[in-house]
Amino acid sequence: MGLKEDFDEHAEKVKTLPETTTNENKLILYGLFKQATVGPVNTARPGMFNMRDRAKWDAWKAVEGKSKEEAMNDYITKVQQLLEEASVAA
């Protein structure tokens with residue numbers, strides 16, 4: 001299976017993560033997903049009163065230097081880690 005197919009598969013698996021997944025982990029996944037699918041941040045940072053979108057933008061900006069392939073690999077690894085942690089906690 002190629003990297004893109006593996007990434008797409010894990011993008012579906014992420015939907016099965018428990019609701020107890022922390023916002024920090026969700027933001028990490030969001031940033032990696034955006035970097036893998038869009039590339040570097042291409043929008044202005046949301047204003048300070050838009051905390052949710054600002055946090056998402058910051059998470060994306062934090063991984064800006066990664067290539068799309070690196071971001072895909074890191075995303076896959078993070079999803080696998082969170083799924084394993086969820087299965088141990090269950």
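A crossing counts as left-handed if the near helix is turned anticlockwise from the far one by less than a right angle. Keep in mind that this is a predicted model.

Q: What handedness does the crossing of α2 and α4 have?
A: α2 passes α4 in a left-handed crossing.

Q: Why is α2 called roughly antiparallel to α4?
A: The axes of α2 (residues 23–37) and α4 (residues 68–89) cross at roughly 150 degrees and come within 8 Å. Angles over 145 count as roughly antiparallel, so that is the label for this pair.

Q: What makes up the contact of α2 with α4, by class?
A: On the α2 side, the residues include I28, L29, L32 and F33, and they meet α4 residues including A71, M72, Y75 and V79. By class, there are ten nonpolar, three polar and three charged residues.

Q: Why are α2 and α3 called oblique to each other?
A: Their axes cross at roughly 60 degrees, coming within 7 Å. Roughly parallel needs an angle under 35 and roughly perpendicular starts at 65, so α2 and α3 end up oblique. The crossing of this pair is right-handed. L27, Y30, G31, K34 and Q35 of α2 make the contact with A55, K56, A59 and W60 of α3.

Q: Which residues touch the most other members of the largest nonpolar core?
A: Those are F7, L29, L32, A36 and Y75, out of 13 residues. α1 (3–13), α2 and α4 each give two or more residues to this core, and α4 has the largest share, with six.

Technical notes:
Residues numbered from 1 in each chain as written. Predicted model: local features only at pLDDT ≥ 70, side-chain atom pairs only at ≥ 80, totals over all residues. Heavy atoms only, no water. Axes fitted to C-alpha atoms, helices over the stretch in contact; angles between N-to-C directions. Helix = DSSP H or I, 4+ residues; strand = E, 2+ residues; numbered from the N terminus. Parallel < 35°, antiparallel > 145°, perpendicular 65-115°, else oblique. Contact = heavy atoms within 4.5 Å. Nonpolar A, V, L, I, M, F, W, Y, C, P; charged D, E, K, R; others polar. Core = buried A, V, L, I, M, F, W, Y, C linked by side-chain atoms within 4.5 Å. Buried < 20%, exposed > 50% of the residue type's maximum accessible area, 1.4 Å probe, protein only.
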